[in-house]
Amino acid sequence: MKQLKEEELDWLVPGLLKEKCIALIRELPKPLRKHFVPVPDVVEKLLPQLKQGDGTLQQALARQLLRHSGIQIPADSWHGAVLPDHLKLLIRVLDENGKLLGSGRDLEALKVSLGREVQASISKAASNTIERQELVSWDFDELPEEHELGNGKLRIKSYPALVDRGGKVDLCLLDSGYRARLASIQGVTRLFMLQSSQQVRYLQKELLQNPSQLHALQQLGKREHVLDQLIQRAYSIAFEVEGDLPRSRTAFEQRLQQRRSGVLSVAQQLQELLYRILQAWHGIRKKLQHKAFTALTALPLREDVEQQLQQLLHSGFMQTTPWLHLQQFPRYLQALEQRLDKYSLQPARDLEGARLLTKLWQQYQQRREYCERQEVVDEALDEYRWLLEELRVSLFAQSLGTRVPVSEKRLQKFWLEEVIKQTSKQG
């Protein structure tokens, strides 16, 4: 069921596409809908340009309406739209024996309600196959990206994953390639750690021992917890697990021999980077306590700063932030400090910048939530997220410089041409 994508089901069958487009336009708010009358005639003109594979039907329709009229359809315009049942596909979910687990016309609701049953069905079918438990080394040949289960007509596609269990790793079959890859990054990292346990013990003894930093470190939790995260991330970076996941015993063993010597250097870099981040974070928190920032007039500033800190320094940020961008955190935080220093001189300009960033972040967040629901990786969207951080530097601390040229116009161009991924360009 996880292999089904909303954007594939959304296009329905060709014979009903026109009717569905008419229904969608009629569900738009009146201030938008009035630009597209008579609706059937507008849809008739657009149909030849609508191409499956160009995102969801709503995304493709919005782009063609923009070309037709110059009217931009906001991303949330169809949220809550109610369509007749016959314009939504009926989905039936079967187990490995062909037994009906459930049915409905809402894919997301089915994924939520039947997720456990589907995974249990895969686990049951996977018995006596490639699944293994309590591995401490890569003692099997391959980790394929996909694995089919079942016999006869009904075949279930599953996704092998190495799942981190702490001191051991399990080889499991999951129902999502997206989840399998995320799990395997951690699982393969753990296998590298288990194969160099003496080095891990050395790092546990030597790292995060600076007495002057222990107070700041408490912002992230107990030292042991932060230390474990730091070491895991050091191994992940040193062995390049995230960018190039090894999928064979040979590849794993070659990587182990070639990259093992670099772990200590990466771990030390991470430690120093973490100390710099924590010091800057502490300094910002201290500045925010000044009466200039506790006044009611400064509330929009405080809210924006708090949101930025939460977006950057959330729980587990060391694990999930791409290494390239994690190294930029001291500059991002320095820019934030400069913003606070200059706020009293230009509060109106600061407010204007904050409003722009809020608008762009909401656009990003909507797309991010969609990708997470659909369990898809969008590298352009990931890059856009960090371009937003560079835009903050440009708006509030231009003297620090940005990693790449950035402006509101450039970001909107990147959004339209890269993130939205228009696969067919007409006229």
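These are my notebook entries on a predicted model.

**Entry: β5 and its partners**

Next I followed β5, residues 156-164. β5 pairs with β6, residues 169-174, in the antiparallel sense. I found six bridges between these two strands. Tyr-159 stands opposite Leu-174 in β6. Asp-164 stands opposite Val-169, also in β6.

I turned to the link between the two strands. The hairpin of β5 and β6 has four residues between the strands. Gly-166 takes a positive phi there, near 95°.

How many of the nine residues of β5 are buried? I found eight, so β5 is largely enclosed by the rest of the structure.

**Entry: salt bridges, the count and a first pair**

I searched the whole structure for salt bridges and noted 26. A general point I kept in mind: side chains of opposite charge can pair when their charged atoms come close.

I picked out Arg-249 and Asp-141. Their side chains meet in a salt bridge at 3.9 Å, N to O. Arg-249 lies in helix α11, residues 249-259. Asp-141 lies in the loop between β3 (132-135) and β4 (147-149). The pair therefore ties together parts that are 108 residues apart in sequence.

Are these two residues buried or exposed? Arg-249 is partly exposed, with a relative accessible area of 30%. Asp-141 is exposed, at 57% relative accessibility.

**Entry: Asp-304 and two arginines**

I moved on to Asp-304. The side chain of Asp-304 meets that of Arg-339 in a salt bridge of 2.7 Å, N to O. Asp-304 lies in helix α14 (299-312) and Arg-339 in helix α17 (329-342), so this pair ties together parts that are 35 residues apart in sequence.

Asp-304 also forms a salt bridge with Arg-392, at 3.0 Å, N to O. Arg-392 lies in helix α19, so this pair ties together parts that are 88 residues apart in sequence.

I checked how these residues sit. Asp-304 counts as buried, at 4% relative accessibility. Arg-339 is buried, with a relative accessible area of 3%. Arg-392 is buried too, at 8%.

Which residues are linked with Asp-304 in a network of salt bridges? I listed Arg-339, Asp-350, Arg-385, Glu-389 and Arg-392.

**Entry: helix α17**

α17 has 14 residues. From its first C-alpha to its last, α17 reaches 20 Å. That is close to the 20 Å expected at 1.5 Å a residue.

I went through the buried residues of α17. Among them are Phe-329, Pro-330, Arg-331, Tyr-332 and Leu-333. Ala-335, Leu-336, Arg-339 and Leu-340 are buried as well.

**Entry: Leu-400**

I closed with Leu-400. Where is Leu-400 found? Leu-400 is in the loop between α19 (379-396) and α20 (408-419). Leu-400 is partly exposed, with a relative accessible area of 23%.

I set aside the neighbours of Leu-400 within four places in sequence and looked at its other contacts. They are Arg-331, Gln-334, Ala-335, Gln-338 and Val-393. I also noted a C-alpha separation of 9.2 Å between Leu-400 and Tyr-332. These two residues are 68 residues apart along the chain.

Methods: Residues are numbered from 1 along each chain as its sequence is written. This is a predicted model: local features need pLDDT of at least 70, side-chain atom pairs count only at pLDDT 80 or more; totals for chains, interfaces and linings use all residues. Side-chain values use heavy atoms; hydrogens and water are left out. Buried means under 20% relative accessible area, exposed over 50%, partly exposed in between (1.4 Å probe, protein chains only). Contact means heavy atoms within 4.5 Å. A salt bridge is a side-chain nitrogen of Lys or Arg within 4 Å of a carboxyl oxygen of Asp or Glu. The expected span of a helix is 1.5 Å times one less than its number of residues. Two strands pair if DSSP finds at least two bridges between them.
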